[in-house]
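Open your viewer and get ready to select residues one stop at a time.

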Amino acid sequence: MARWVWWAVARIRTLGVTGRVRFTHKPLEELYRLDLGLDESDAADVLALLAPSEVAGRVRSSRTGEWMYVLGPGVGAIPLYVKVILRDECVVISFHAREGDDEEDLA
């Protein structure tokens with residue numbers, strides 16, 4: 001497993017535990033559309049429990065050039081597709097149930 005995975009997981013977990021997670025508009029809507037009763041605090045808890053095996057990869061943002069970390073955690077039996085950018089806080093840019101093309105990103 002690549003070294004950056006361990007660094008990313010440690011950073012994401014720390015930011016999740018300390019509540020330093022921010023949602024852009026789109027993933028906040030996606031979170032509520034899951035209809036699982038999750039709020040931002042619950043999503044931060046999901047990130048705080050992230051395991052290295054749930055990191056699917058990383059891609060560069062074409063807009064900012066920053067790394068976007070692609071994650072595949074689950075809530076109960078629901079597999080999720082989550083993308084985050086790490087800054088002073090964890091910025092969530094996608095948070096929804098995994099389906100269709102997302103499966104390829106997490107293979």
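Is Glu-30 buried or exposed? Select Glu-30 and show its surface: with a relative accessibility of 8%, Glu-30 counts as buried, where buried means under 20% relative accessible area, exposed over 50%, and partly exposed in between (1.4 Å probe, protein chains only). Before going further, please note that this is a predicted model, in which local features need pLDDT of at least 70 and side-chain atom pairs count only at pLDDT 80 or more, while totals for chains, interfaces and linings use all residues. Residues are numbered from 1 along each chain as its sequence is written, and side-chain values use heavy atoms, with hydrogens and water left out.

**Around Glu-30**

Glu-30 sits in helix α2; helices (H or I, at least four residues) and strands (E, at least two) are DSSP runs, numbered from the N terminus. Now display its contacts (heavy atoms within 4.5 Å). Not counting residues up to four places away in sequence, Glu-30 touches Ser-94, Phe-95 and His-96. A salt bridge here is a side-chain nitrogen of Lys or Arg within 4 Å of a carboxyl oxygen of Asp or Glu. Lys-26 is partly exposed, at 45% relative accessibility.

Select Arg-22 and Glu-89 to find one of them, at 2.8 Å from N to O. Arg-22 belongs to strand β1 and Glu-89 to the loop between β5 and β6, so this pair ties together parts that are 67 residues apart in sequence. For another, pick Arg-87 and Glu-66, whose side chains meet at 2.6 Å, N to O. Because Arg-87 is in the loop between β5 and β6 and Glu-66 in the loop between β2 and β3, this pair ties together parts 21 residues apart in sequence.

**Into the core**

Now hide the surface and look for the largest nonpolar core, which has 25 residues. Such a core is a set of buried Ala, Val, Leu, Ile, Met, Phe, Trp, Tyr and Cys residues joined through side-chain atoms within 4.5 Å. Among those with the most contacts inside this core are Leu-47, Leu-71 and Val-82. Helix α1 gives the largest share, five residues.

Center on Leu-47: leaving aside neighbours within four places in sequence, its contacts include Ile-12, Leu-71, Val-82 and Cys-90. Then move to Cys-90 in strand β6, which is buried at 0% relative accessible area.

**Along the strands**

Color β3 next. Four of its five residues are buried, so β3 is largely enclosed by the rest of the structure. Strands pair if DSSP finds at least two bridges between them. Five bridges join β3 to antiparallel β2 (residues 55-60), with Val-59 opposite Met-68. β3 also pairs with β5 in the antiparallel sense, over three bridges, and there Leu-71 stands opposite Val-82.

**Last stop**

Finish at Asp-35, in the loop between α2 (25-33) and α3. Its phi is near 55°, a positive value in a residue other than glycine. Asp-35 is exposed, with a relative accessible area of 69%.
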